[in-house]
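This report goes through a structure section by section, from strand pairing to cores, domains and contacts.

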Amino acid sequence: MTATVTHGAAIAARASDVWKVYGSGEAQVVALRGVSVEFERARFTAIMGPSGSGKSTLMHCLAGLDSVTRGTIHIGDTTVTGLGDAGLTKLRRDKVGFIFQQFNLLPTLTAQENILLPLSIAGRKPDPEWLATVIDTVGLRDRLNHRPAQLSGGQQQRVACARALASRPEVIFADEPTGNLDSRAGAEVLNFLRRSVAEYRQTIVMVTHDPVAASYADRVVFLADGQIVSELVEPTPDTVLDTMKKLDSLTSEAGQ
Amino acid sequence: MLRTTLKSLLARKLRLVLSGLAVVLGVMFVSGAFVLTDTLSRSFDSLFSDAYATTDVGVSAKPKIDVAELEGEAVPTPFPAATLDRVRAVPGVAAATGSVTADGAQVIGSNGKVLTSFGPPQIGLNWTGENELVQLRTGRGPTADTEVTINQAVATAAKLSVGDRVAVLTPHRPKQEFTVVGIFGYSGNRDSLGGVQEVAFTERVAQESMVGQTGVYTQISVKAADGVDPAVLRDRVAAALGDDYVVKTGEQLSADAAAGFDEALGFFNNILLGFAGVALFVGVFLILNTFSIIVAQRTRELALLRAIGAGRSQVIGSVLTEAVVIGLIASGLGLAAGIGVGALLAYAFGQFAGGLQLAGIGVPVSAVVSSFVVGLFVTVVAAVLPALRAARIPPVAAMQDVATPDRPLTRITTAGALVAALGGALLALGLSGNAGDNTLWTVLGGVLLTFIGVALLTPMISRPVVSLLGRLFAWSVPGKLGRLNSGRNPRRTAITAAALMVGIALVTGVTVILDSAKSSVTALADDTIQAELVISGAQTGPRIPSFEPSVLERAAEVPGVATVAGVYADQAQIGGKRTWVQATNDVAALREIFKVTPSAGTIDTLGPQQLLVDSDTAAEHGLSVGDTVPVQLSRGDARTYTVTGIYAESDLFGGFVLPVAATADFAQPKPVQAYLKLAPGATVDQVMPQIEALLADSPTVSVANRAEFIEQQTSQFDQLLMMIQILLALAIVIAVLGIVNTLALSVLERTRELGLLRAIGLRRAQTMRMITVEAVVISVFGALLGVLVGTGLGAAVVRALREEGITDLVLPWTDMAVFLGLAAVVGVVAAVLPAIRAARLNVLNAIAHE
C-alpha cells in the first residue's frame, strides 16, 4: 500500500517509488521495494517494522546518506536523487538534522560547541533567541561547558537533539534515539522531540522498534519486507503493539 | 595463542607496514654500510694483489717518517741505484727491476685543466717495460727525456693520444712538456688499477721530477728464480741489504696496502653506522607509538583473552611475538634493501674514484648478523612498554565500554625531568672536559638521555604548545577541529613529534656548531690576516696544491707588492713526535701578516739550522730558547736545529717554523701558500692580474683577495654541514612515516566521528583540511622542539669550545625558519593519504562503525 497524507498539508520529505537493492546476482538483497511515502511538515512521524524490514534503509535514503536504486527522494523542494557528494553534503548541512542511537558527539568539544557545530561548519551565525529556546527546552543551560564524557547518556542525547534543532532544518531524522537510554531518559528525549514539533513546528522522522517510543509520534508508518504495509494516526502503545503483532503474523504467513 | 597473535597481525597490515618500514630503513642503512665497506675492502684486496702479482719480493728504503693511510701520504725514500746490483747478486734472484715511483704527477688535459683525483694516486714513474700486468696498447715506452707513456685512464681523462704534446706537473720540477709516445693498459683489459693515473718517464726524468735526485730508486721489484720460495728469498735479500731497507714478499706488500685501506674503510663504516643508529633511535619512537595504539585499540580483544583464561604473561607474549615477527620481516627486508643500496654506493664510489674494479657484491656475515640483531632488538625494545600495558588490562574490560581515561602525566613528566637532568649533567661533565678519555661517550650519552628526557617531557609540554600552535590554524572550523584532535592524545602526539624532534635537533645542533665555528674562524682570520692577496689552491686529494718557489721572488718584484711570505708545509718527526711543520722564505713578513708576537728570543730572523716554535708546542716538547732539537723531515737525514724564538700561540698560526733551506728535504719542496702585502697606495685590482700571470705554470693554485681566501678556507664547514644534513635526512624521513602512521590510525579510530561530521555537513575538502591541520600542528610542534633542543645542545658545545677559539655563537635563524617551514610542508605531505582516506569514508558505514 501507499501511505499518503491529508491533502493541503505541506510536505517536508517524500519518497516516490523508491527501490533499494544491495549486491547483485545470487547475493542480491532487495531492501526497499517501491516505497512511496510523504512526511508532512510540523509532524512527528515514526517508522516501525521488524528487523530487516528496511526501515533504517528508508531513513538513510531519505536523509541523503544512502543512494536509491530507483525512484526519487525529495526534501522540501530539493530533489535529493542524483545529487553528488557536494550537493548531498550541502543538503545535510542546511536542510537535515540527525539524531543517532549512539549520540555521536565530538568528545573534544563542549556541549555548546557540539550544539553549534553544524552552524559553524556551514559558517552561519546562530539565532541567539532560538538557541536560548532550544537550550532551555532541552534543559542543558548549566551543562553547556561540559564535555560529552562528563554528561550522562540522557544528557548527551539531549545535546544531540539540540544540535539537530539548532539550525532549524527542514526535517530531523532520528535513528532509534532512545535505543541506548533507560526508560526515564528515553521519555525525556521523546517528550522533548514532541514539544519541538508541537511548539516549534519542527518536522521529525524517527525510526524505532519500540512501541512506546512510537506512541509519542503523530503518525506511525509500518514497513515489512521493504514495503509499507500499514499506518496508524494518533497511535498509542497498545495500538502500535497490536499492529506489530498483526504484521508478524502477516509476514510469517507470507513467508510460508 | 600463537595463532591468535598471527591472525591479529594480519588484520592490521597497514599499521605494521608503516612501523615496520622504520625498521627496514634503519636496518637498510646498517647492512648497506657493511656491504659497501666489505665490497670495497675486497675490491682493494684484489686490486693490490694484482698490483703486486709480478713482485715476488719488494725492496724499499725504510721511510723517514711512518705515516698511516689515514694520516697523510707516505713519502717514498730514495736509495742509491747501486742497491739494485747488490740485490741482483743475491742467490735465487732471477731478475730485479729498480723503479722510481711517487705520487704527484699531474697531467694537464688538452682543455688546459689539471687532472684531479679524489683518492687514487697520480703516479709518476720510470718506464720499466711491459710485463704480465702492464701492457702497451699503442706506441712504445719513452726513450728520450722529452717523451712519456701514459696509462689509458690518463689518456681518456685528458683526451690525449699518441703524438700529442702534454704538460705535466711534478713535485720537484716546474711544469714540463712532453710528447706522448705510448698508451698502456693492464691485464684483464683494464684502463687503470683502481683509478690510479700513471705517467711513465725515462728513468732520469722520473728521478729528477719525482724525487729530485738522480742515481736513485724508490723501490726494487724482485722475481725469484724457479723453485725459490719468496719468503726465503726475502730473508736472503734483507740479510744482504741490512737494516736500512724494508724487504717484503709481494703477498705481504699487498696485504699491507690493503690493511691501510681497511682501516680507512672501518672508519667510514663507523660513521655510516652512527647515522644508522640515529635513524633506528627515531624508529623506536615510531614502533613504540604503533604498538601503544594497537594495544589501546585491542583493549576489548585482549580483555576477552584474559577473561577466557589467558595469563598476563601470555598477553605480554602475544604482543612481543608480534614485535618479533615484525622485527624479523623488517630486518630481512632491510638487509635485502641494504645489499642493494650498498652495491649501488660501491658502484658510485668506484665510478667516483676513477673506475675501481669492484669485486663481486658479497653479503658479509657481519651484515646479516647485525641486521637481524639490530632490527629485532629495536622492535622488541620498543614493544616492551606497550606489552606491559596490555598485561594490565583487566578482564572486565571485555564486558564494558571502558572509557580509557587519560592517565595523569605526573609520572612520565617526573621521569622525563629526571632523565633530562641526568642527560644535562652528563653533557656538562663531558663538555667541561672533566671526563678524560670518556669525553666522546659521555657527551653522546648525555645527548641520548637529553633526547629521551625531552621526549618524556613532551606530553606535558604538548598541551599548552599544541594548543597555542593550533590557534594559528583556528580561523576555520576544520582548523579548530584539527587543532583539538592534535591535542587529544598528548602521549601519542608527543611521541610522534619527539621522533621528528630528534632529527631536527641534531641538524640544528650541528648547524649551530658549524656556523659558529665558521663565523669565529672568519672573524679571527679577518681580524688577524694582514695580507691583501693570498695564493693558495683547493685541496682535493691527499696532496696540498703547490706552486713554483720562483713565483715568490717574481711576485716580490711586482710593482705595488711590499712583502711576500711563502709558506711550505710537511710532516716531520721532532723529539719522537710526528708533527706538521712549516717553513717560510720571509719570517718577518709572515710574523707581521699573522700578527704573531714573541714571548721569548727573537722571531724576526731565522737562520739555517734555527727554528721558531709557539709557546704551547714548546711546553709540550719541553723546549726553551737556546735548546737544540733533532728534526727528521720526509727526506734526508735528521738535522739538529736550535730554538731561537718562541712566539705566543694563536688560533690561526702555530707549530714549528723552519727556514726555507729546510724545504729541500720536504716531500714537496714547493710553497703551498703565499701571503702578499701591498705597498701603500697600491690596489688589489692593479696587482692581482700581474700575480695571476705569474701563476700560469701553476694551474692548481690561484690568487684571491683576503675575503675570497677566507671564504675558501671556511667553505669546508658548509660542505661538512651539507653532508651531515643529507645523512640525517633519513632520520627525518622515518619521523615523517611516524606522522603518517599516527594520522592513519587516528582516522581509523575516529571513523564514527568523521562519519558524523560528514553527516552534519562537513565537506570533503573541509575533512581533508581538518586532518592536514592536525598533521601540521604535530610536525611543527616536533620541529619547534627540535630547533629548541638542538640550539641548546649546539650552544652548549660552542660554549665548551670557547677555549678552542670558537668565540661566536651564531644562531642560524634562516635555517631554523626553513626547518619549521619544512615541518609544515612535511605535515601537509604526511596528511595526504590519511586525509584522502578520511574524505572518502562512506558516511553511512562510518557512522555505524564500532
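Which residue in β2(A) does Ala15(A) stand opposite? The residue opposite Ala15(A) is Val37(A). The model is a predicted one, and the descriptions below should be read with that in mind.

## The four-stranded sheet of chain A

Ala15(A) and Val37(A) stand opposite each other in a pairing of strand β1 (residues 11-22) of chain A with β2(A), which is antiparallel and runs over eight bridges. The two strands belong to an open sheet of four strands with antiparallel pairing, in the order β2-β1-β4-β5 (chain A). At its edges are β2 (29-40) and β5 (78-79) of chain A, each of which pairs on one side only.

## The six-stranded sheet of chain A

Chain A also has an open sheet of six strands, with mixed pairing and the order β6-β7-β8-β3-β9-β10. The edge positions belong to β6 (96-99) and β10 (227-233) of chain A; each has a single partner strand, so one side of each is left without a neighbour in the sheet. On average, neighbouring strands of this sheet are turned by 20° against each other, with direction ignored. Helix α5 (residues 153-166) of chain A packs on the sheet and touches β6 and β7 (171-175) of chain A. The direction of α5 makes about 175° with that of β6(A).

## Strand β9 of chain A and its partners

Why is β9(A) described as largely enclosed by the rest of the structure? Five of the six residues of β9(A) are buried, so the strand is largely enclosed. On one side, strand β3 (residues 44-48) of chain A runs parallel to strand β9 (residues 219-224) of chain A, and four bridges join the two. Ala46(A) has Val220(A) as its bridge partner in β9(A), and Ile47(A) has Val221(A).

Val221(A) also has a bridge partner in β10(A), Glu231(A). The pairing of β9(A) with β10(A) is antiparallel and covers six bridges. These two strands form a hairpin with two residues between them. In the turn, Asp225(A) has a positive phi of about 50°.

## Nonpolar cores

The largest nonpolar core has 269 residues, of which Ala279(B) and Val282(B) touch the most other members. At least three residues come from each of domain 1 (49-261) and domain 2 (458-527 + 710-850) of chain B. Apart from this core lies another, of 55 residues, including Val564(B), Leu611(B), Val672(B) and Ala674(B).

Which residues does Val282(B) contact, leaving aside its neighbours within four places in sequence? The contacts of Val282(B) are Ala499(B), Val502(B), Gly503(B), Ala731(B), Ile734(B) and Ala735(B).

## Domains of chain B

Chain B is divided into domain 1 (49-261), domain 2 (458-527 + 710-850) and domain 3 (547-697). Taken over C-alpha atoms, the centres of domain 1 and domain 3 of chain B are separated by 32 Å. The contact between these two domains takes eleven residues from domain 1 of chain B and twelve residues from domain 3 of chain B. On the domain 1 side, the residues divide into five nonpolar, four polar and two charged.

## Contact between the chains

The contact between the chains takes 18 residues from chain B and 20 residues from chain A. On the chain B side, the elements that give two or more residues are α13 (477-486), α20 (751-759), α21 (764-800) and α23 (843-848). Of these, α20(B) gives the most, with four residues. The residues of the side of chain B that touches chain A comprise ten nonpolar, three polar and five charged.

## A loop residue in chain B

Glu130(B) has its place in the loop between β6 (122-126) and β7 (134-139) of chain B. Is Glu130(B) buried or exposed? Glu130(B) has 12 other C-beta atoms within 10 Å, so this residue is exposed.

Not counting residues up to four places away in sequence, Glu130(B) touches Gln135(B) and Leu136(B). Tyr186(B) is 56 residues away from Glu130(B) along the chain, and their C-alpha atoms are separated by 9.6 Å.

Notes:
Residues numbered from 1 in each chain as written. Chains lettered and ligands numbered in written order. Predicted model: local features only at pLDDT ≥ 70, side-chain atom pairs only at ≥ 80, totals over all residues. Core = buried A, V, L, I, M, F, W, Y, C linked by C-beta atoms within 7 Å. Buried ≥ 20, exposed ≤ 12 C-beta atoms within 10 Å, placed from the backbone. Domains from an automatic or database assignment. Contact = placed C-beta atoms within 7 Å. Nonpolar A, V, L, I, M, F, W, Y, C, P; charged D, E, K, R; others polar. Pairing = 2+ DSSP bridges. Axes fitted to C-alpha atoms, helices over the stretch in contact; angles between N-to-C directions.
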